[in-house]
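Here is a short briefing on one protein chain. Look over the sequence and the structure first, then read the points below.

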Amino acid sequence: MYRQPAMGDYVSNGYHHHTNHQHSGGGQVAAGHRGRRGSRGRQRRDGSGSNSSGSRVCNYYGAQQQEKEEERAPPPPPCTDFDVAYFHSYAHVGIHEEMIKDRARTETYRNAILQHQSHIAGKVVVDVGCGTGILSIFCAQAGAKRVYAVDASDIAIQANEVIKANNLSDTVIVLHGRVEDVEIDEEVDVIISEWMGYMLLYESMLGSVIRARDRWLKPGGLILPSNATLYMAPVTHPDRYSDSIDFWRNVYGIDMSAMLPLAKQCAFEEPSVETISGENVLTWPHVVKNVDCYTVSVHELESITTSFRFQSMMRGKLSPFHGFAFWFDVEFNGPDLNPSNNDTSSFNASSNGYVTDPNQRKKRPNPNEALVLSTAPEDPPTHWQQTLIYFYDPIDVEQDQVIEGSVTLSQSKENARFMNIHLEYASGGRSFVKESVMR
């Protein structure tokens with residue numbers, strides 16, 4: 001289990017604070033990288049976050065044990081100013097309130113814990129990015145022997161108070177620090193984390209889950225969620241385009257079309273997080289990436305490229321093609337049911353019925369064996385919504401018209417939590433390139 005720190009380094013009721021953030025600024029940085037979305041109440045959370053006052057976690061092994069640890073795993077990545085700002089942003093209660101109130105999200109996690117109770121009861125669990133501690137508490141209620149609730153944000157302080165208020169301090173140990181830095185002196189049976197960002201991979205929190213897996217998970221252990229799939233599809237959204245762009249053509253009888261180039265840039269330069277419906281989707285979706293949480297590597301997530309070919313399904317009329325939408329599903333399979341194949345070329349359908357090839361369908365897991373949390377346009381809305389990449393000018397497409405190209409999603413060199421998006425697409429004899437950054 002967790003090694004108790006030396007005298008003076010221990011805070012009562014199971015709370016441990018690890019201060020190992022080394023960044024060039026020397027202090028906390030104001031959370032600015034998500035201010036735009038945060039001002040709309042759309043911020044997402046990491047679960048690993050910032051340092052603050054409190055006791056230092058003692059993470060010193062004996063020299064021999066430390067040498068073995070260094071041989072087994074590479075040193076953790078440095079905690080940058082961007083990381084500190086990111087962690088700091090998750091100290092705000094509003095972000096956690098939004099996530100907990102997302103019933104599709106929270107109830108699916110609780111149901112997954114109960115469904116896999118036989119793998120959790122009497123076992124050791126790590127909650128990566130525990131936030132307020134709600135998933136850790138669900139695991140404790142399911143009979144976990146011990147739960148390490150890890151979060152680098154100062155929300156960990158409140159999480160510890162929540163744990164105490166629910167008389168779970170003997171079971172749930174709050175570790176205030178990055179997963180990459182805290183120390184747990186035992187292997188664990190279960191890793192649970194709500195790590196998904198917009199477009200699934202924005203914020204790069206999955207890397208922390210991978211590091212926790214490689215450091216602590218026993219062979220045959222359980223990871224929740226077990227799998228994730230990112231999808232994309234062409235969309236039409238005339239109302240959105242009209243509200244943001246066509247509005248300027250006639251403003252109280254005044255021709256303000258000179259504003260159009262600036263309006264398009266401001267509205268569509270960056271990805272937009274919003275809710276659409278299934279009626280906005282022009283075709284079957286394409287699988288961008290299938291992630292097996294048991295086998296995926298950090299390196300694998302640095303850059304993802306896929307080629308796509310869509311065929312419009314709109315019947316009997318021209319439809320404006322305004323851009324591409326992205327969404328994701330995650331599945332909560334047990335270790336015995338989890339597919340080890342990480343080849344997206346053979347993955348032709350999502351668990352909600354969308355398929356990339358209408359003649360082939362993925363066998364959906366037995367409802368008694370797997371749960372699915374979907375952010376697809378036709379499913380109940382979640383706080384993730386969908387992410388849309390809009391074009392500056394729409395393309396008219398007719399039934400059966402082909403839309404083909406490629407997309408590359410890569411971690412920004414400026415800040416690995418940002419996502420660079422490079423789209424190349426062609427339709428109707430015209431070719432286009434769209435580049436944007438999700439920051």
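How many helices and strands does the secondary structure of the chain come to? The count is eleven helices and 16 strands. Keep in mind that this is a predicted model.

**The chain as a whole**
- The chain has 439 residues, and 54% of them are buried.
- Among contacts with a separation of 6 or more, 81% are between residues 24 or more positions apart.
- The accessible surface is about 18900 Å², and carbon and sulfur atoms account for 49% of that area.

**Backbone features**
- Most residues other than glycine have a negative phi, and most peptide bonds are trans.
- The peptide bond from leucine 224 to proline 225 is cis, and its omega is near -5°.
- Proline 225 sits in the loop that runs between strand S6 (217–224) and strand S7 (227–235).
- Methionine 199 is not a glycine, yet its phi is positive, near 55°.
- Glutamate 203 is not a glycine either, and its phi is positive at about 90°.

**The loop between S5 and H9**
- Methionine 199 belongs to the loop between strand S5 (188–192) and helix H9 (206–216).
- Glutamate 203 is also found in the loop between S5 and H9.
- Is methionine 199 buried or exposed? Its relative accessibility is 2%, and the cut-off for buried is under 20%, so methionine 199 counts as buried.
- Glutamate 203 has a relative accessibility of 1%, so it counts as buried.

**Arginine 146 in strand S3**
- Arginine 146 is part of strand S3, which covers residues 146–151.
- Arginine 146 counts as buried because its relative accessibility is 12%.
- The side chain of arginine 146 makes a polar contact of 3.4 Å with the side chain of tyrosine 148.

**Helices H5 and H7**
- Two packed helices are described by the angle between their axes and the distance between the axes.
- For helix H5 (residues 103–115) and helix H7 (residues 134–141), the axes come within 9 Å and cross at roughly 30°.
- Angles under 35 degrees count as roughly parallel, so H5 is roughly parallel to H7.
- Which residues make the contact between H5 and H7? On H5 they are Thr106, Tyr109, Arg110 and Ile113; on H7 they are Ile134, Leu135, Phe138 and Cys139.
- The crossing of H5 and H7 is right-handed.

Conventions: Residues numbered from 1 in each chain as written. Predicted model: local features only at pLDDT ≥ 70, side-chain atom pairs only at ≥ 80, totals over all residues. Heavy atoms only, no water. Helix = DSSP H or I, 4+ residues; strand = E, 2+ residues; numbered from the N terminus. Buried < 20%, exposed > 50% of the residue type's maximum accessible area, 1.4 Å probe, protein only. Contact = heavy atoms within 4.5 Å. Areas by Shrake-Rupley, 256 points an atom, 1.4 Å probe, with all protein chains shown as cover. Polar contact = N/O pair within 3.5 Å; in protein donor to acceptor, adjacent residues only side chain to side chain. Axes fitted to C-alpha atoms, helices over the stretch in contact; angles between N-to-C directions. Parallel < 35°, antiparallel > 145°, perpendicular 65-115°, else oblique. Left-handed = near helix turned anticlockwise from the far one by under 90°.
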